[in-house]
Amino acid sequence: MENVLEIKDIQKSFGDNHVLKGISVSVNKGEVISIIGSSGSGKSTLLRCATLLEKADSGSIKYHDTYVAKTENDKEVYLSKKELNKVKSYFGLVFQQFNLFPHYSVLKNVMDAPISVQKRDKAVVEEEARELLKKMGLEDKADAYPCELSGGQQQRVAIARALALKPDILFFDEPTSALDPELTGEVLKIIRNLAEEKMTMVIVTHEMSFARAVSNRVIFMDGGYIVEEGDPEEVFGNPKQERTKQFLRNYQQ
């Protein structure tokens with residue numbers, strides 16, 4: 001199986017707060033991994049390190065055969081900026097808060113990075129962007145601005161924007177946490193469709209039934225550690241660790 005991402009023994013602290021305590025995760029092509037855990041468990045920080053928004057203190061991060069970061073002589077060494085830019089084309093990231101450009105139309109939001117970052121042909125990019133908006137059920141919103149859309153529509157634009165870069169792996173950081181419950185379903189449906197198309201994804205989520213239904217593997221984090229990892233039916237239906245059981249009991253009320 002082709003390995004897209006391999007993270008080994010990542011450590012990350014913010015001052016005295018030791019957030020990640022030796023986390024190792026590997027992601028294979030076509031796999032959907034959900035990361036669950038209570039607030040402050042380190043889930044979002046792990047995603048931010050994987051997507052180079054934060055620098056790890058130690059450990060290694062590898063995309064395909066390229067080491068983005070690794071520890072050498074007790075120091076964390078990253079690739080040069082130019083080399084990192086190439087690696088950044090391997091992944092897309094969808095945030096909680098959409099992060100769309102408010103002064104760009106929906107279409108321009110989707111087209112911007114493929115043209116300005118990847119230097120691709122404008123006509124081709126526009127055709128692909130319109131196709132992506134159609135896939136998201138937003139073909140009639142191409143000329144609208146983010147402020148004219150619902151939260152669910154904005155998040156679907158954000159997913160289209162991430163897909164426009166043709167990434168090998170897509171990261172979602174709590175993609176529905178800023179949405180009303182009735183809008184959550186439309187975003188989860190899009191992610192479910194991507195899973196059926198075998199898009200490689202890592203999803204930090206608090207939607208337990210969704211994680212159970214859509215994932216190949218579930219990781220439960222607590223206190224900066226991976227406490228449990230495995231098949232979703234095992235993790236949700238028959239968790240081995242007491243901490244996992246406690247966490248899921250709280251969710252199931």
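Q: Why are α3 and α5 called roughly parallel to each other?

A: The axes of helix α3 (residues 106–116) and α5 come within 8 Å and cross at roughly 25 degrees. Angles under 35 degrees count as roughly parallel, over 145 as roughly antiparallel, 65 to 115 as roughly perpendicular and the rest as oblique. α3 and α5 are therefore roughly parallel to each other. The axes are lines fitted to C-alpha atoms, for helices over the stretch in contact, with angles from 0 to 180 degrees between N-to-C directions. Helices are DSSP runs of H or I with at least four residues, strands are E runs of at least two, and both are numbered from the N terminus.

This is a predicted model, in which local features need pLDDT of at least 70 and side-chain atom pairs count only at pLDDT 80 or more, while totals for chains, interfaces and linings use all residues. Residues are numbered from 1 along each chain as its sequence is written, and side-chain values use heavy atoms, with hydrogens and water left out.

Q: Which residues make the contact of α3 with α5?

A: Val 106, Asn 109, Val 110 and Pro 114 of α3 meet Val 157, Ala 160, Arg 161 and Ala 164 of α5, where contact means heavy atoms within 4.5 Å. This contact has six nonpolar, one polar and one charged residues. In this scheme Ala, Val, Leu, Ile, Met, Phe, Trp, Tyr, Cys and Pro are nonpolar, Asp, Glu, Lys and Arg are charged, and the others, Gly among them, are polar.

Q: What makes α5 roughly parallel to α6?

A: Helix α5 (residues 151–164) and helix α6 (residues 181–196) have axes that come within 8 Å and cross at roughly 20 degrees. That angle makes α5 roughly parallel to α6. On the α5 side the contact includes Gly 151, Arg 156, Ile 159 and Leu 163, and on the α6 side Leu 183, Glu 186, Ile 190 and Leu 194 are among the partners. By class, this contact has seven nonpolar, four polar and two charged residues.

Q: How many cavities of 30 Å³ or more are counted?

A: The count comes to one cavity. A cavity is a set of points on a 1 Å grid over the protein atoms alone where a 1.4 Å probe fits but cannot get out; a pocket is an open set with protein on both sides within 12 Å along at least five of seven lines, and lining residues have an atom within 4 Å of a point. The largest cavity has a volume of about 60 Å³, a volume being the space filled by probe spheres set on grid points joined across faces, edges and corners.

Q: What is the make-up of the lining of the largest cavity by class?

A: The lining has 11 nonpolar, no polar and no charged residues. Among them are Leu 5, Val 25, Ile 33, Leu 46, Phe 171 and Val 202. α1 supplies the largest share of this lining, three residues.

Q: Which residues lie nearest the centre of the largest pocket?

A: Lys 88, Phe 91, Leu 93, Ala 113 and Leu 165 do, out of 22 lining residues. The volume of the largest pocket is about 640 Å³. α3 gives the most to its lining, with four residues.

Q: How does the lining of the second largest pocket divide by class?

A: It divides into three nonpolar, 11 polar and two charged residues. Ser 38, Ser 39, Gly 40, Lys 43 and Ser 44 lie nearest the centre of this pocket, which has a volume of about 210 Å³.
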